Amino acid sequence: QVEAELTKNMVGIPGIFYGEMALINVPAQEANQPCVVFSNTFYVIINRSAFDSRSSNRNAGPPTMAEIRLHLRDSAPGESYLIENLMFDDAEIALAITRPIQYWNEVPPPIGIFTTQNFPFRYHWLEGICANLFFMVAEQYRRNQLSYSAGGLSVDDQNKEANYEQAGQIRWQAYREWVRAKKAEINLEGGYGEIGSTYQYGTYSSGIRSRF
């Protein structure tokens with residue numbers, strides 16, 4: 001087991017971060033460079049907190065793990081009668097949180113490049129997260145689906161890909177349409193501005209309305 005102490009600066013802004021721990025072999029001779037023997041990568045999840053005294057950060061960062069699980073009815077094993085366990089682990093949720101931001105940043109036009117620390121659109125972000133989690137489940141069922149019969153009993157309990165794929169597509173299509181509309185709105189608003197003129201004649205001053 002290994003431990004790492006996170007400083008105040010490291011946890012000051014909520015978001016999803018990439019972490020890595022490594023076992024380093026340090027040669028006896030100082031001239032030789034240390035060698036990474038083994039490394040393990042993981043997500044570091046910093047949730048928002050109401051106890052944050054810095055009011056500007058109270059609404060920063062992604063939806064919390066608790067919010068996402070509550071939205072998906074995945075807060076306790078009792079909510080999943082068949083598997084009697086949580087449906088999604090923290091790593092899957094962390095990946096799903098980053099995916100809507102990546103989509104926003106890569107879809108043209110390149111307006112408003114965001115991270116998981118400052119993406120401001122809460123509702124659509126949560127819907128995009130849920131869509132990506134459903135896609136992950138659909139992939140799992142696609143890989144493991146196998147119908148078989150034994151002792152006169154037919155078993156097809158992994159045949160749920162279509163349900164999750166459809167649920168994911170509905171939410172993701174809505175997210176994609178919102179991204180296009182929102183970027184068009186931001187682009188239009190940024191395409192107009194007003195430039196004042198220093199030229200004056202008597203009491204008359206001119207203004208130029210321009211489009212960039």
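In the protein chain, where is confidence lowest, and where is it highest? Confidence is lowest in strand E6 (residues 204–211), at a mean of 47, and highest in helix H2, at 96. These values are pLDDT, the predictor's confidence in each residue on a scale from 0 to 100. What you see is a predicted model, in which local features need pLDDT of at least 70 and side-chain atom pairs count only at pLDDT 80 or more, while totals for chains, interfaces and linings use all residues. Residues are numbered from 1 along each chain as its sequence is written, and side-chain values use heavy atoms, with hydrogens and water left out.

Let us stay with confidence for a moment. The protein chain averages a pLDDT of 83, and 82% of the residues score at least 70. Over residues 205–212 the pLDDT is below 50, although this stretch has 23 contacts in the model beyond near neighbours in sequence. A contact here means heavy atoms within 4.5 Å. Where pLDDT is low, the predicted coordinates should not be read in detail.

Now for the overall plan. The protein chain has 4 helices and 6 strands; helices (H or I, at least four residues) and strands (E, at least two) are DSSP runs, numbered from the N terminus. Starting at the N terminus, the order of elements is β-β-α-α-α-β-β-α-β-β. Of the 212 residues, 28% count as buried, a word used for under 20% relative accessible area, with exposed meaning over 50% and partly exposed in between (1.4 Å probe, protein chains only). Among contacts in the chain with a separation of 6 or more, 55% join residues 24 or more positions apart.

Setting aside neighbours within four places in sequence, leucine 23 is in contact with Cys35, Val36, Val37 and Phe38. With valine 37, which is 14 residues away along the chain, the C-alpha separation is 5.5 Å.

Further along comes the loop between H1 and H2, which holds leucine 72. Leucine 72 counts as buried because its relative accessibility is 18%. Not counting residues up to four places away in sequence, leucine 72 touches Phe88, Cys130, Leu133 and Phe134. Cysteine 130 is 58 residues from leucine 72 along the chain, yet their C-alpha atoms are separated by 7.5 Å. Arginine 73 lies in the loop between helix H1 (65–71) and H2 as well. Arginine 73 has a relative accessibility of 54%, so it counts as exposed. Arginine 73 also has a positive phi of about 50°, although it is not a glycine.

Next we reach helix H2 itself, and its packing against other helices. Two packed helices are described by the angle between their axes and the distance between the axes. Here, axes are lines fitted to C-alpha atoms, for helices over the stretch in contact, and angles run from 0 to 180 degrees between N-to-C directions.

How do H2 and H3 meet, and at what angle do their axes cross? The two axes come within 8 Å and cross at roughly 125°. H2 and H3 are therefore oblique to each other; angles under 35 degrees count as roughly parallel, over 145 as roughly antiparallel, 65 to 115 as roughly perpendicular and the rest as oblique. From H2, the contact is made by Glu92, Ile93, Leu95, Ala96, Ile97, Arg99, Pro100 and Ile101, and from H3 by Trp125, Gly128, Ile129, Asn132, Leu133 and Met136.

H2 (residues 90–106) also meets H4 (residues 161–190), where the axes come within 11 Å and cross at roughly 40°. That angle makes H2 oblique to H4. On the H2 side the contact is made by Pro100, Ile101, Tyr103 and Trp104, and the residues of H4 include Trp172, Tyr175, Arg176 and Trp178.

One more residue of helix H2 deserves a look: threonine 98. Threonine 98 is buried, with a relative accessible area of 13%. Apart from residues up to four places away in sequence, threonine 98 touches Ile16 and Thr116.

Our last stop is the loop between H2 and helix H3 (122–144), where proline 109 is placed. The peptide bond from proline 108 to proline 109 is cis, with omega near 0°.
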